[in-house]
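Let's take a walk through a protein model together. Please keep the sequence and the 3D view open while you read.

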Amino acid sequence: MPIIHCQGLGRTYRVADKQPGLAGTLRHFVRRRERLIEAVRQLSFTIEPGEIVGFLGPNGAGKTTTLKMLSGLIHPTSGSLQVAGHQPARRDAAFLRLITLVMGQKQQLIWDLPPLDSLAVNAAVYGIPDAVARRRIEELASMLELGPELRRPVRKLSLGQRMKAELLAALLHEPSLLFLDEPTLGLDVNAQAAVRAFLADYNRRTGATVLLTSHYMGDITALCPRVLLIHGGSLFHDGSLEALSQRLAPWREVRLELADPLPADRFAGFGELEHCEGRSVRLLVERQRLTETVGRLLAECPVLDLEVQEPPLEETIGRLFHAREETA
Amino acid sequence: MRPPARAGAPSTDPAAQQLRRPPALVRRCRAAWRITRALLGSQYALMLEYRAEIVLWALSGLMPLLMYSLWSGAPAGAAAGLSPQQFARYFLAALVVRQFTVVWVVYAFEEDNLLGRLSPLLLQPLPLIWRYVAAHLAEQLTRLPFVAGMALVFVALVPAALPPADPLRLLLALLAMHLGFWISFLIQYAITMLCFWNERASALERLLTIPILFLSGLLAPLDVFPAAVRNLALHTPFPAILYLPAQLASGGPIAAGAVFANGLFWLALLVPLNMLLWKAGIRRYAAMGA
């Protein structure tokens, strides 16, 4: 039975529409104009317990709005939503004990106090006995490689240490459903890797369900066997990253190093020529024709070196959204 | 077959465990006490970080002292039947009561709302109001030594201001002062809820400055006002914030029962009003900046 079930979910925001400059300000003061923005529209999907699902999409696609609806922070304007058997917007205590929402740019830790003070409050609020809370803090701190940092004021911690402490605070009550909005935002490569490893381990140990948004494709490829791709508030893809890649980029990039330069028109029948300068050539070749094309290239051209690459997914997704925006 | 329990070892029998568990009410009270302790402890630690700022806030509450210096030579007091000693006692009490009934929840909430700090708190199984109440109580605790110092200076300058030595009345005044804090808090919290409709609800709160100044008894005891104004004031919640507890503490002509009846009446109105506003407002929450 799915732990998240949403059907036709929608959310519309009412925002002020003001022109810049003094005249715009005065007009806005006298006659306030507002417009409706449909942040999420007709979104339907289900998630099974224990899954780690990546939520992809460009800025303003509706990812964060969806997470806010799933966690109960905001009310949907249309559609139906069930999370762990609860209606999130009611925010009843039993539901709140099951979930956590981590927002990379926001914090729940008290800024001027050490994380341990915030953790003590969380332990009391979630009714975790002192001994259990101490044990969990030790375990999570060890997994996150946090030690004396827990006794330093939050404002004195580095971004990475703070994010780890935020994760610890968010997971102290052992939620079975994690909503993570850009949990590695602004972290360096090492800290990103540590957070990813921690999340994978947490999912393995507790069987928690994770829904993750990230602009770092590394987070998605490392953690999410399944991705939901949304654009303009609607679902564009629901499936594996591999399937997404097949769907968005049905070609491979072939790089050639030639023994002697050849004219560009010489590659006309092989695929789409991306680059041809001196002895260096780059072609886009359809997946289905890859083996045959590589064979022909080796037979017909003076090839010194040949490399086949999958185009970076970020680039492909970016290209797709750009194309859709231009046609819209 | 179940193995025999070791002597002295806690039983693992669920039925026995159920029997040993304290009643639900006791468990709830314990949980509430633990949350209260944790919230007050963390907020007190936070307020100590800002102690210099709190001293300045406390000093900004010296208005009753200034008002005393203005009123002590004025004939209006005598006309209202108040002796210089009654004036002195009233303003000393007002100085103390004012320090413990001042609220700032609208500013804290508005900032939390605009900066997106509200969202993580809304996702915890604790009504948001308790965090702000705890912050206010912790701040009052931090103010305590400074207020005691100011009161001592007042008494040193005006020995007649010392209230009558009636422990019961002083205890009742303390309770009335706390009731006044709740009324003041709930009035401002109701305005705070307007943050869900208008991001700058604190601007609306400023509209209350004048009524609080005049009708709460901050500028002068209500007794010196014309009867019509006094009657009007007594039909608002503002006297409960300062005038009534201060009268009780200074030994003024007022019955404790009337003070508490008045306070409870306003509480009975303000609690459901706040609940209604919260319920309506939270539906509009857009989790800005988060």
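The paragraphs below go through the two chains in turn and then turn to the place where they touch.

This is a predicted model, so local features need pLDDT of at least 70 and side-chain atom pairs count only at pLDDT 80 or more, while totals for chains, interfaces and linings use all residues. Residues are numbered from 1 along each chain as its sequence is written, and chains are lettered from A and ligands numbered from 1 in the order in which they are written.

Let's begin with chain A. Its secondary structure comes to 11 helices and 13 strands; here helices (H or I, at least four residues) and strands (E, at least two) are DSSP runs, numbered from the N terminus. The C-alpha trace of chain A spans about 75 × 60 × 45 Å along its principal axes. Of the 328 residues in chain A, 36% are buried. A residue is called buried if 20 or more other C-beta atoms lie within 10 Å of its own, exposed if 12 or fewer do, and partly exposed in between, with C-beta atoms placed from the backbone.

Chain A is divided into domain 1 (4-9 + 42-243) and domain 2 (250-309), with bounds that come from an automatic or database domain assignment. Taken over C-alpha atoms, the centres of these two domains are separated by 44 Å.

Now look for a sheet of three strands in chain A. It is open, has the order β2-β1-β4, and its pairing is antiparallel; two strands pair if DSSP finds at least two bridges between them. The edge strands are β2 (34-47) and β4 (78-83) of chain A, each of which pairs on one side only. On average, neighbouring strands of this sheet are turned by 30 degrees against each other, direction ignored. For such angles, axes are lines fitted to C-alpha atoms, for helices over the stretch in contact, and angles run from 0 to 180 degrees between N-to-C directions. Strand β1 (residues 4-16) of chain A pairs with β2(A) over 10 bridges in the antiparallel sense. To find a spot in β2(A), look for A:Phe45, which stands opposite A:Cys6.

A second sheet in chain A has four strands. It is open too, with the order β11-β12-β10-β13 and antiparallel pairing.

A:Leu283 in β12(A) stands opposite A:Val254. β10(A) also pairs with β13(A), over six antiparallel bridges, and there A:Asp305 in β13(A) is the bridge partner of A:Glu257. Strand β13 (residues 303-309) of chain A lies largely in the open because zero of its seven residues are buried.

Is A:Ala268 buried or exposed? A:Ala268 counts as exposed because 10 other C-beta atoms lie within 10 Å. You will find A:Ala268 in the loop between β10 (251-258) and β11 (272-277) of chain A.

Chain B is built from 16 helices and zero strands. Of its 290 residues, 37% count as buried. B:Trp130 lies in helix α9 of chain B, and with 14 C-beta neighbours inside 10 Å B:Trp130 counts as partly exposed.

Finally, turn to where the chains meet. The contact takes 23 residues from chain B and 23 residues from chain A, and two residues are in contact if their C-beta atoms, placed from the backbone, lie within 7 Å. On the side of chain B that touches chain A, α2(B) gives the most, with nine residues. In α2(B), the buried residues are B:Ala38, B:Leu39, B:Ser42, B:Gln43 and B:Met47. These buried residues pack against α4 (115-125) of chain A together with α3 (51-59) and α9 (128-157) of chain B.
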